[in-house]
Amino acid sequence: MKLGLGLYRHQLNDEHFRFAAQAGCTALVIHLVDYFNQAKANKVGDQPTGDLHGWGRAGDPDQLWEQGYLEDVVKRAKAHGLEIAAIENFDPAHWGDVLLDGPRKAEQLENIKTMVRRVGAAGIPCIGYNFSLAGVAGRTRGTYARGQAEAVGMEGPVDDPVPTGLVWNMQVADKLGPGTMPPCTHEQLWSRLNDFLTAVLPVAEQSGVALAAHPDDPPMPTIRGTPRLVYQPQLYQKLIDLSPSPANRLEYCLGSLAEMTEGDIYDCTESYARQNRIGYVHFRNVRGKVPHYKETFVDDGEIDMPRIVQILRRNNFQGVLIPDHAPQMACGAPWHAGMAFALGYMRALLQTVK
Ligand SMILES: [Mn+2]
């Protein structure tokens with residue numbers, strides 16, 4: 001197993017690469033979507049939360065991930081002894097109509113395939129994705145974690161409708177509203193996911209790139225009136241069963257899975273690790289279940305993290321663990337301190353758990 005760190009787009013520089021290397025990381029998971037672009041309610045410096053208007057403005061639909069850019073990031077990280085283990089998330093500007101079954105869907109699927117080929121050619125073995133209409137929405141922020149550390153949680157369901165122009169919690173049009181996102185059933189959403197996987201998995205497999213699905217965050221059956229896909233642990237099995245391709249994998253988020261109202265996190269980890277379907281792991285801890293949960297320091301939640309490492313090791317998991325989110329610590333560099341604390345704990349587990 002390898003220790004990794006997730007970096008946002010604005011952090012893809014030597015300073016952050018050195019920070020990761022200093023904490024003992026050998027891998028990075030990088031975000032190319034800029035969640036903070038023109039965002040009013042979304043501060044750079046921590047994970048994005050936003051308000052009912054979402055995070056920031058999505059990217060340019062016609063500006064795909066460039067081969068040269070990908071290769072440059074790989075090379076710059078390598079200079080610090082870091083491999084790029086995955087890119088996390090597609091830009092809603094690139095696949096909004098794949099999610100919505102909209103008019104540019106066919107064109108966007110072709111663009112996604114082009115980007116997957118480029119990612120493979122750059123030697124990056126995985127893309128994490130979150131097939132979601134509302135995206136990561138409906139969460140709150142407060143001094144929830146130990147020692148009044150600022151963290152993210154949920155304080156009840158959020159069902160305010162999604163205005164048109166907002167997809168995957170980012171703005172894809174110049175203006176939001178006045179209409180709302182067209183209705184969609186759970187069955188329709190599964191069928192859209194199936195279309196996506198059917199189109200892209202063969203290219204991914206050929207390119208040496210796995211597609212790793214994040215469960216819903218937060219894992220509610222609906223958020224903002226839109227259906228969710230993987231909001232109970234057994235729904236991951238439904239996703240796996242859509243395709244036997246070895247490129248059909250999971251972005252295994254312990255936090256989101258533990259927030260679900262059903263299932264047992266240890267049985268679930270055993271099952272998906274045994275099937276060798278875990279792409280990489282969001283190693284995050286939590287207290288409570290939806291719709292009332294709080295993110296915690298990695299050592300302070302309800303998940304027995306050493307036991308998880310034991311299960312992964314027993315099943316010969318060779319991939320990367322990253323902290324995902326961490327509470328903000330009280331100092332001049334709250335994000336860095338939170339991540340350094342999580343990484344130190346994780347490194348100790350990797351060195352000691354047999
Ligand atoms: Mn996660």
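Predicted model: local features only at pLDDT ≥ 70, side-chain atom pairs only at ≥ 80, totals over all residues.

The protein has ten helices and 16 strands. Along the principal axes, the C-alpha atoms fill a box of roughly 50 × 45 × 40 Å.

How much of the protein is buried? Buried residues account for 50% of the 354. Now the contacts. If we take those between residues at least 6 apart in sequence, 71% of them join residues that are at least 24 apart.

Next, the sheet. A reminder first: strands of a sheet pair through backbone hydrogen bonds, and the pairing is either parallel or antiparallel. Here we have an open sheet of four strands, in the order β5-β6-β15-β14, and the pairing is antiparallel. Which strands stand at the edges? They are β5, residues 140–145, and β14, residues 285–289. Each of these has a single partner strand, so one side of each is left without a neighbour in the sheet. On average, neighbouring strands in this sheet are turned by 30° against each other, ignoring direction.

Last, one pair in detail. Strand β6 covers residues 149–155 and β15 covers residues 292–296. The two run antiparallel and are joined by three bridges. Find Glu155 on your screen: its bridge partner in β15 is His292.

That is the end of my part.

How values were computed:
Residues numbered from 1 in each chain as written. Pairing = 2+ DSSP bridges. Axes fitted to C-alpha atoms, helices over the stretch in contact; angles between N-to-C directions. Buried ≥ 20, exposed ≤ 12 C-beta atoms within 10 Å, placed from the backbone. Contact = placed C-beta atoms within 7 Å.
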